2 protein chains.
Amino acid sequence: MVDLSAPGSDATVEDSGSDDPMIGEVSEGRVLRTILARTPAGRDALLGPGDDAAVVAAPSGSVVATTDTLVEGPDFRAAWSSGYDLGWKSAAVNLADIAAMGARPTALLVALAVPKDRRLSFIAALADGFRDACAALAPGCAVVGGDLTVSATLMIAVTALGDLEGRPAVTRSGAQVGDDIAIAGEMGVAGHGLSVLFRRFHRDGVAVPVDPAALDEGEADAIAAQLRPMPPIGLGPMAAIAGATAMMDVSDGLALDAGRMAEASGVTISLERAALGAHPHRALAGGEDHALLAAFPAGMLPPGFRRIGSVIAAAADTPVLCDGEPVGPLGWDPYRDAGADARR
Amino acid sequence: MVDLSAPGSDATVEDSGSDDPMIGEVSEGRVLRTILARTPAGRDALLGPGDDAAVVAAPSGSVVATTDTLVEGPDFRAAWSSGYDLGWKSAAVNLADIAAMGARPTALLVALAVPKDRRLSFIAALADGFRDACAALAPGCAVVGGDLTVSATLMIAVTALGDLEGRPAVTRSGAQVGDDIAIAGEMGVAGHGLSVLFRRFHRDGVAVPVDPAALDEGEADAIAAQLRPMPPIGLGPMAAIAGATAMMDVSDGLALDAGRMAEASGVTISLERAALGAHPHRALAGGEDHALLAAFPAGMLPPGFRRIGSVIAAAADTPVLCDGEPVGPLGWDPYRDAGADARR
């Protein structure tokens with residue numbers, strides 16, 4: 001886009017020739033080359049970067065599409081997340097939304113708004129994170145296009161595309177009374193990681209770098225789950241094939257997201273505390289693992305999913321029960337909760 | 001996304017009940033309802049907002065996809081652009097990228113990062129701008145999904161999808177020696193509008209609101225072209241049907257963008273000054289009209305396109321000529337030029 005920065009506020013800068021220049025010192029072309037060298041084309045990219053738009057295969061005759069953004073401050077802290085972490089996470093959360101529809105991810109588009117004083121090596125690490133998250137979680141999916149702009153606030157907006165392979169999309173509104181409720185992936189681990197970060201690496205209101213030597217194994221794993229989540233992308237299409245009646249990814253905590261599924265489906269979801277692992281409160285309240293929450297006809301769970309409850313007739317004003325008791329809204333609404341205590 | 005704002009820095013806010021509350025005072029749900037009430041589903045939306053992802057028709061078996069971002073500061077000034085203007089422009093620039101591939105736009109996804117003190121009415125105006133730009137420029141295309149987050153910097157990242165209707169994509173690399181070079185849409189008007197804004201409504205380094213009474217008709221039209229561009233979206237598919245060998249939208253000025261087409265195609269583009277209108281320098285240097293620049297076999301221009309030059313064999317280091325003279329890089333690279341004088 002045209003840059004409207006105040007006239008005369010800054011000199012026009014020529015490429016500095018430095019090995020690791022600041023973004024404000026190099027041409028857009030050099031930044032793009034840095035990214036493209038690290039993100040090989042995916043098998044569904046019929047036409048990759050270099051034109052006004054990319055062309056991606058959509059063999060089913062439809063395309064699944066979602067967008068999700070990470071903004072410095074509300075969504076991450078530079079002291080905690082490396083460029084690699086941010087590339088990985090922004091890819092993973094979008095891949096999870098595609099998988100949650102029962103689709104196979106085919107492509108990512110990445111819109112980056114980057115402060116001028118960020119280093120080119122940061123962009124390179126971001127691109128490595130995109131590539132590795134795709135390779136690990138959704139082989140064949142790749143970055144096919146994007147946009148670069150400068151901004152006072154670092155922001156990474158990713159759009160993911162996917163293919164339904166001829167199946168209908170699995171929505172969150174199809175859960176039937178009598179279905180099993182099941183989960184694939186972690187519950188509450190990423191949220192615990194966030195709590196460790198705030199408790200241990202946040203002083204006088206400021207995030208400080210993580211000291212790995214100060215962490216026990218569980219804490220290190222939880223922080224890794226927060227910074228580089230590993231949603232089970234391949235199990236989304238598996239669930240669809242197995243006949244899932246409803247599915248979504250758990251981004252804001254099981255209590256809140258199961259409530260959304262229950263309300264969309266006009267049912268109540270009855271969870272069993274004993275199935276929620278060693279830390280049921282973390283599982284109910286902790287978001288950002290991007291586990292897949294799904295309903296299946298009773299007894300029809302595919303491999304990778306474990307039963308955590310069942311679907312019952314709608315109880316008035318009680319979308320979610322746990323061992324028969326109503327579960328309040330323990331999860332996270334970024335607008336409602338903006339600025340509130342994130343130590344959960 | 002989870003909000004990591006510093007613990008205790010701000011109270012959790014309940015919905016204020018105000019008619020026009022700030023974004024930080026209302027639930028994400030209320031913001032979403034405000035947008036959805038203004039953006040009816042398009043005819044290609046097989047599944048609209050409400051699930052983890054949308055499903056959009058891709059009848060050709062492929063999907064064209066692009067993303068482009070507007071960031072407050074580098075890309076727009078709040079004193080000049082209303083919410084409606086920003087919705088319109090962020091839709092239009094993405095629709096132009098789809099059209100430039102010869103495709104018909106089918107859907108938009110919108111990632112919004114909004115400061116907490118912005119009013120809900122601003123979001124409503126943004127949504128009106130998205131809807132009206134689609135209705136005016138690409139009927140049938142509509143917002144199918146998006147993402148909301150809070151941010152210190154206002155940012156609008158739009159992804160547009162499109163369908164090739166069975167045709168191959170028109171890239172920027174196919175221009176052939178002997179082709180006519182043609183344009184559809186304005187040249188240099190939006191850039192002139194930006195120059196009027198900086199010259200007349202920018203004091204002590206700060207943008208001030210536009211006073212319509214202080215403008216003559218040409219200035220008012222130019223500012224409108226800058227704030228609410230009208231690229232000829234429907235002519236993109238028309239050009240493809242007519243046999244365009246190369247096409248792109250002019251976002252950074254004719255000199256720079258024609259140079260990109262020439263380099264991608266391995267040719268030189270020879271422009272004719274007399275065909276560039278009353279202000280050839282504006283046409284060469286001024287970006288953001290998002291006109292469609294295309295190459296056609298000689299004499300094969302479809303209605304809506306006008307001839308401005310021809311394709312000749314590549315001349316060394318001279319991608320663009322005007323009346324036989326080399327044209328330097330007059331256009332705009334937002335990274336290289338960040339902060340430089342925008343009065344062109």
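Colleague: Which residue is the bridge partner of Leu271(B) in β13(B)?

Modeller: Gly309(B) is that partner. Bear in mind that this is a predicted model, where local features need pLDDT of at least 70, side-chain atom pairs count only at pLDDT 80 or more, totals for chains, interfaces and linings use all residues, and side-chain values use heavy atoms, without hydrogens or water. Residues are numbered from 1 along each chain as its sequence is written, while chains are lettered from A and ligands numbered from 1 in the order in which they are written.

Colleague: How do you know that β11 and β13 of chain B pair?

Modeller: Two strands pair if DSSP finds at least two bridges between them. Strand β11 (residues 267-271) of chain B and β13(B) have five, in the antiparallel sense. Five bridges meet that cut-off, so the two strands count as paired. β7 (residues 180-184) and β13 (residues 306-313) of chain B pass too, with four antiparallel bridges. There, Ala182(B) stands opposite Arg307(B).

Colleague: Which chains supply the open sheet of six strands?

Modeller: Chains A and B both do: the order is β1(A)-β2(A)-β3(B)-β6(B)-β4(B)-β5(B), and the pairing is mixed. Its edges are β1 (45-47) of chain A and β5 (142-150) of chain B. The twist averages 25 degrees from one strand to the next. β4 (residues 104-114) and β5 of chain B pair parallel over eight bridges.

Colleague: What makes you say that helix α2 of chain B packs on the sheet?

Modeller: Contact means heavy atoms within 4.5 Å. α2 (residues 83-99) of chain B touches β3 (62-71), β4 and β6 (155-163) of chain B. Its direction makes about 145 degrees with that of β3(B). Axes are lines fitted to C-alpha atoms, for helices over the stretch in contact, and angles between N-to-C directions run from 0 to 180 degrees.

Colleague: Why is one space called a cavity and another a pocket?

Modeller: The test uses a 1 Å grid over the protein atoms alone. In a cavity, a 1.4 Å probe fits but cannot get out; a pocket is an open set with protein on both sides within 12 Å along at least five of seven lines. Lining residues have an atom within 4 Å of a point.

Colleague: How many cavities of 30 Å³ or more are there?

Modeller: Five. α2(B) gives the most, three residues.

Colleague: What makes up the lining of the second largest pocket?

Modeller: It has 19 nonpolar, 10 polar and 14 charged residues. Ala, Val, Leu, Ile, Met, Phe, Trp, Tyr, Cys and Pro count as nonpolar, Asp, Glu, Lys and Arg as charged, and the others, Gly among them, as polar. The pocket holds about 1000 Å³. Among the residues nearest its centre are Glu28(A) and Arg172(B).

Colleague: Where does pLDDT stay under 50 in chain A?

Modeller: Over residues 1-14 and residues 333-344. pLDDT is the predictor's confidence in each residue, from 0 to 100. The mean for chain A is 90, and 90% of its residues reach 70 or more.

Technical notes:
Helix = DSSP H or I, 4+ residues; strand = E, 2+ residues; numbered from the N terminus. Points joined across faces, edges and corners; volume = space filled by probe spheres on them.
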